[in-house]
Amino acid sequence: MEKLLSDEEARLVLKRILALYPDAKGELHWDTKFHLLCAVLMSAQTTDKMVNKATPKFFSDYPDSASLAQADIKDIEDHIRTIGLYRTKAKHLKETAQIITEKFNGKIPKDKKVLMTLPGVGEKTANVVLAEGFKVPAIAVDTHVSRISRRFKIVDEKATPHEVEKRLEELLPEDEWIRTHHAMILFGRYTMPARTKNQDPYSFLPPLK
């Protein structure tokens, strides 16, 4: 059993990551909460950059849930064809738009459990929508957040995304959840990408002030 960091050591690692990206924000472009949900649904297993290329036309052709709910599935696919898993995502987007239009009057619910009942919406997507759209403190655990938490031994090597989320929530005050999760994503994307796995993770952190 590998030795995990103490709370104090783990907080220090997170603080140093945050020092590198003090103004960390999400990189997905969106204008309304409905479009935020669509963008996050599109972003699974693809880069934010790819999503941002597809969304301007998508947003302008489907300004709200009603227009997307009525759209032909082939048209939706054509809008997001450049994104991985586009067929599945098109299906989820249309079904989600139908539910939001019919059950929620076109409004995005501000409730994690309810969001997670929508097609294609898991815990990570729900947390991003709550954090970004409603500023509700949440930690969305993507591949970067998981990998960094494991590399620094903040969590066990076998920790599930849900366990990573709970551990980070324990370590951080609520008002730091959103900023720290964005900083971890940027740190994983730009400073310590997956290909660096044989290097000492601490060599990527800024020195302590």
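With which residue does Arg-189 form a salt bridge whose closest N and O atoms are 3.3 Å apart? The partner is Asp-48, where a salt bridge is taken as a side-chain nitrogen of Lys or Arg within 4 Å of a carboxyl oxygen of Asp or Glu. Arg-189 lies in helix H11 and Asp-48 in helix H3 (residues 48-61), so this pair ties together parts that are 141 residues apart in sequence; helices here (H or I, at least four residues) are DSSP runs, as strands (E, at least two) would be, and are numbered from the N terminus.

The model is a predicted one, in which local features need pLDDT of at least 70 and side-chain atom pairs count only at pLDDT 80 or more, whereas totals for chains, interfaces and linings use all residues. Residues are numbered from 1 along each chain as its sequence is written, and side-chain values use heavy atoms, with hydrogens and water left out.

The domain assignment of the chain gives domain 1 (5-23 + 137-202) and domain 2 (31-132), with bounds that come from an automatic or database domain assignment. The centres of the two domains, taken over C-alpha atoms, are separated by 26 Å. To the contact between them, domain 1 gives ten residues and domain 2 gives eight residues, contact meaning heavy atoms within 4.5 Å.

In total, the structure holds 13 salt bridges. Glu-27 lies in the loop between H1 and helix H2 (33-42) and Arg-189 in helix H11, so the pair ties together parts that are 162 residues apart in sequence. Arg-189 counts as partly exposed at 26% relative accessibility, and Glu-27 likewise counts as partly exposed at 29%, whereas Asp-48 is buried, with a relative accessible area of 14%; in these terms, buried means under 20% relative accessible area, exposed over 50% and partly exposed in between (1.4 Å probe, protein chains only).

A further salt bridge joins the side chains of Glu-123 and Lys-112, at 3.0 Å from N to O. Because Glu-123 lies in helix H8 (residues 123-134) and Lys-112 in helix H7 (residues 112-115), this pair ties together parts that are eleven residues apart in sequence. Lys-112 is partly exposed, with a relative accessible area of 23%. Both residues belong to a network of salt bridges in which Lys-112, Glu-123, Glu-165, Lys-166 and Glu-169 are linked.

When residues up to four places away in sequence are not counted, Arg-16 touches Tyr-202, Leu-205, Pro-206, Pro-207 and Leu-208.

Turning to the aromatic side chains, the structure holds four aromatic pairs, in which rings of Phe, Tyr and Trp (its six-membered ring) have centres within 6.5 Å, with planes under 30 degrees apart counted as stacked, over 60 as edge-to-face and the rest as tilted. The ring centres of Phe-58 and Tyr-62 are 5.0 Å apart and their planes stand at 70 degrees, so this pair is edge-to-face. Phe-58 and Tyr-62 are both buried, and together with Phe-59 they form one aromatic cluster. Phe-152 and Tyr-202 also form an edge-to-face pair, with 5.1 Å from centre to centre and 85 degrees between the planes. Since Phe-152 lies in the loop between helix H9 (143-151) and helix H10 (161-171), and Tyr-202 in the segment after helix H11 (177-191), the pair ties together parts that are 50 residues apart in sequence. Phe-152 counts as buried at 1% relative accessibility, whereas Tyr-202 is partly exposed, with a relative accessible area of 34%.

As for the backbone, most residues other than glycine have a negative phi. Gln-45, however, has a positive phi, near 55 degrees; Gln-45 lies in the loop between H2 and H3 and counts as exposed at 74% relative accessibility. Leu-85, also not a glycine, has a positive phi of about 55 degrees. Leu-85 lies in the loop between helix H5 (73-79) and helix H6 (86-103) and is partly exposed, with a relative accessible area of 47%.
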